[in-house]
Amino acid sequence: MKITLALLTALTFVTAAFAVEVGKPAPDFSGTDINGKTVKLSDYAGKLVVIESYNSDCPFCNNHYKTGAMPDLQKDLAAKGVVWLIVNSVNPKNSSHRTPEQAKQEMIDKKITADAWIDDSSGKIGHLYGMLTTPQMFVINKDGTLVYDGAIDDKADPSHDPKTARNYAREAVDNLLAGKPIEVSQTKPYGCSVKYAD
Amino acid sequence: MRTVLKPLIVIFACLATFVSHDARAQTALPSFGGASLTAHHTQAKLILSADTAKPGDTIWAGVDMKMDASWHTYWKNPGAAGLATKIQWQLPPGVTAGEIQWPLPEKFPPVEVTTYGYEKEVVLLVPLTLASNLSAGPLDLKAKVSWLECKDVCVPANQSVETKLNIGPETKTSANAATIELWQKKVPQTNDVYSLSAWWEKPASDDTRPLIIGNEQMMAAKNIKYDSVDFFPGTNDAFEIQAATETISAQSAYIRFRKVVKKFSGDWPKGISGVLVIQNGNSRYGYEVKLPVSDQAPAGETIPAQTPPVRAGETPALPLMLLYAFIGGLILNIMPCVLPVIALKILGFVSEARSEPRRVRNLGLIYALGVLVSFLALAAIVIGVKAAGHHAGWGMQFGSPVFVVCLTTLVTLVALNLFGVFEVTPGGRVLNSAGELASRHGAPGAFFNGLLATTLATPCTAPFLSGALGFAFAQKSPTIILIFLFVGLGLAAPYVVLSCNPALLKFLPKPGAWMEKFKVAMGFPMLATVVWLFSVAASDYGSRVFWLGVFLVVIAFAAWIFGEFVQRGRKRKGIALAIVLILLTSGYTYALENRLHWREMIAETDAAGPINQSGGTGWQPWSPAAVAQARAAGKPVLVDFTASWCVTCNAIVKPALENNSVAAKLKEMDAVVLIADYTRTPSEITDEISKYGGAGVPLVLVYPKNPDAAPIVLPQPSPLQLPSGYAKIVLEALDRSAR
């Protein structure tokens, strides 16, 4: 028991050590999207990038899709030249895992307009970025610095109306584009735990 | 079949909650779910401690939640994910519900996203206060309970629950009273058992900061026993106390553990609240605690080093450690660091050899006093550093560039003095006879030698010494002082013994003119020391170190003018002295202040540290993450903790690790080799070294291939050991790690 505890502790500290930090360069990663294309963060150097930790079976995520709030945000930001990357870190054994075919269909069904849906079923990117929950949002500015890490908005509830909440990701992007400082750069993410492999 | 059903269940459940969120009234089943499908995996029921209650009383209500196997719901602080259960009451007038009393939850994996909650069953308790003017008769008590339930997927759900309460002349307990009482016992009690404090272990390095929670030492005397201890934090939006708990107390009576606080916004919290969880055997107890967080450890408290992984469970005895300290100090005498001072000592003995025994003995004792005083000063520094909440390290003063510059200047002056450029005498007189030479090594000289020996000894560690100091750094102040004094005694012992037994000195030649030549010859080891110190300064200042060289030349020139025209001169001594002062002031202000910027180091990344190990081995900079990553990939790891000022590191360990057979072995094993640069004594590395019971560099760790195995701590190289001899020890450890 003690050994297990010690290991758990050690593992957690390891995870903590990998987590990204606001104000520091966002670490580069490479993943495969559902079309089999290799996607690297560095491919988007010079652009604003939003990363969304995603699992639509999670009621917190789904709330943002079924209310249309997330697709709207994706469209609005795309119009402003912002890159949107979905990272799905659900492990293949979990019932919420999506094969590339299922994911392609889900993109249509949920009206997702992200630039890429990265299949991170190994949890590599999720762990690198210290993704804890779905949804969890990251905003990276044009020079590659992580400027926001945390909750999508200020209402930790799976059934609220996202359009009436304060959306931190939208606010961060808008402020960046307007050349204003970001008021909230870090929050405690809420939602379901990311379904990493055990 | 089940796996096919699960997504369906989830979708139905979601639709049920989302589409008809508020429209759904009493039923737990969605109207379209099909007879065999349960909408959610938790059933809620409202129970009361009394069937009949009299007006003015307070009774207990319980929301009894039963979860299907492996499903769980959440505590008031759900942790890194999840959502706390909510109860919305619909009560008749005159009945008021209080706050939910939450039974002690469990921690749920995965470790990366730890959550707090309940499996199988929980009864959330709520006090219901009845107004004294309630009229007799039945009352309907209703509540809507909403929760998030998770297994490998999460489902939000809600259910309306209700029950009846009779208002009557007497309160009568219900059949559920026993259940409520049982769950009341699981609610964390107000803490009056443990006297706890919380303090920051060190300043924040980024948005996380380690926090220590512990009980006072007085409490440790009481026989508190526990198998494990934990802290479940309350909720807070501005910061999060992370779930991982690192127990750092070696003795079971102590409560001492480390939590990491991650800050989202605002200042670092001044106080924390949560539940202290004590596990003893199969019993778990929770205590509500609210603690102010102080900036440093309470007086008299020290942060004990983490139990070293390889020596777990073993607390070394103090007498043994004192012996180690003494032997370590003794061995320091023949480590390369102290050699130049030994030369001075030999000279001292020669000149005193024919003096009366009492005088020889006194000088020996004064030298010992010099050593002991400097060790007391070192102990005071260590205690101060620890009081500030940092880990201490042997030789850490070499991380300060100001110290290095001062020492370089001092040793340069000692060398010039030996060359006869100037004299050090109380009156500034000239010495010209052998007899007077003897008097130079009087009491102040012996004391100074003691100080110099200690200062120069600190960048060397010796066998035994490292263990004793590593032990000392984790102890309370009196023990630290005691151990340091014993190291000093060990360092001074040979001279004390020799000076107390003049018979042992008979073999020394008679003083004479040869001594002047010998003295000059002894200046060269001092010059070598200057070169070494200069190279240490180079890693602090980069190319700016040129100006330190300029400063040393100016100092040397000033020393010559002082010796030649002030001490030995006949005329115009005043002018000469003025020139000396002008040289010193302008050398200091121009070279040190304006050009060298001697109080500022260059950025770490620009420094050419020992990172550039050669030998064809791909050295990478050390970090805990780098070790974890390599171990996760199933590779053995070798870590060399080193510093440019560490003589043992550069003279023995580095060549041993660059040895061809070691390099070949590392390559063959596909080992990851990491170098931890301690030149500037960064606190992460001090912490890491103290974890392994070490006192400073060198320290070599070999992590075996098996990621669960503890690292092998290589022994300290012994003095006069050749690199090839140490290479054999490294090879042996590598062999063991491959198994």
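These are some notes for a first look at this structure.

1. Ground rules first. This is a predicted model, where local features need pLDDT of at least 70, side-chain atom pairs count only at pLDDT 80 or more, and totals for chains, interfaces and linings use all residues. Residues are numbered from 1 along each chain as its sequence is written, while chains are lettered from A and ligands numbered from 1 in the order in which they are written.

2. Chain A, confidence. Its mean pLDDT (the predictor's confidence in each residue, from 0 to 100) is 87, with 90% of residues at 70 or more. Take care with residues 1-18 of chain A, where the pLDDT is below 50; in the model this stretch has 25 contacts beyond near neighbours in sequence. Here a contact means that the C-beta atoms of two residues, placed from the backbone, lie within 7 Å.

3. Chain A, make-up. You'll find six helices and nine strands; these are DSSP runs, with helices being H or I of at least four residues and strands E of at least two, numbered from the N terminus. Of the 198 residues, 46% are buried. Buried means 20 or more other C-beta atoms within 10 Å of the residue's own, exposed means 12 or fewer, and partly exposed is in between, with C-beta atoms placed from the backbone. Among contacts between residues at least 6 apart in sequence, 76% join residues at least 24 apart.

4. Helix α4 of chain A. This helix (residues 100-109) lies largely in the open, because one of its ten residues is buried. Just after α4(A), A:K111 has a positive phi of about 60 degrees.

5. A four-stranded sheet in chain B. The sheet is open and antiparallel, in the order β1-β3-β9-β6; strands count as paired if DSSP finds at least two bridges between them. β1 (42-48) and β6 (95-97) of chain B are at the edges with a single partner strand each, so one side of each has no neighbour in the sheet. On average, neighbouring strands are turned by 25 degrees against each other, direction ignored. Seven bridges link β1(B) to β3 (residues 58-67) of chain B, and B:K45 has B:D64 as its bridge partner in β3(B). Helix α2 (residues 177-184) of chain B packs on this sheet, touching β1, β3 and β9 (121-130) of chain B, at about 105 degrees to β9(B). Angles run from 0 to 180 degrees between N-to-C directions, with axes fitted to C-alpha atoms, for helices over the stretch in contact.

6. A five-stranded sheet in chain B. This open sheet is mixed, in the order β22-β24-β23-β25-β26, with β22 and β26 (712-713) of chain B as the edge strands. Strand β24 (residues 672-677) of chain B has six of its six residues buried: B:V672, B:L674 and B:A676 point one way, and B:V673, B:I675 and B:D677 the other. β24(B) runs parallel to β22 (residues 619-621) of chain B through three bridges, and to β23 (residues 637-642) of chain B through six. Helix α15 (residues 624-632) of chain B lies across β22, β23, β24 and β25 (699-703) of chain B, at about 165 degrees to β23(B).

7. A helix pair in chain B. Helices α4 (residues 318-332) and α11 (residues 477-500) of chain B pack at about 35 degrees, their axes 6 Å apart. The contact includes B:L322 and B:F326 of α4(B), and B:F486 and B:L489 of α11(B).
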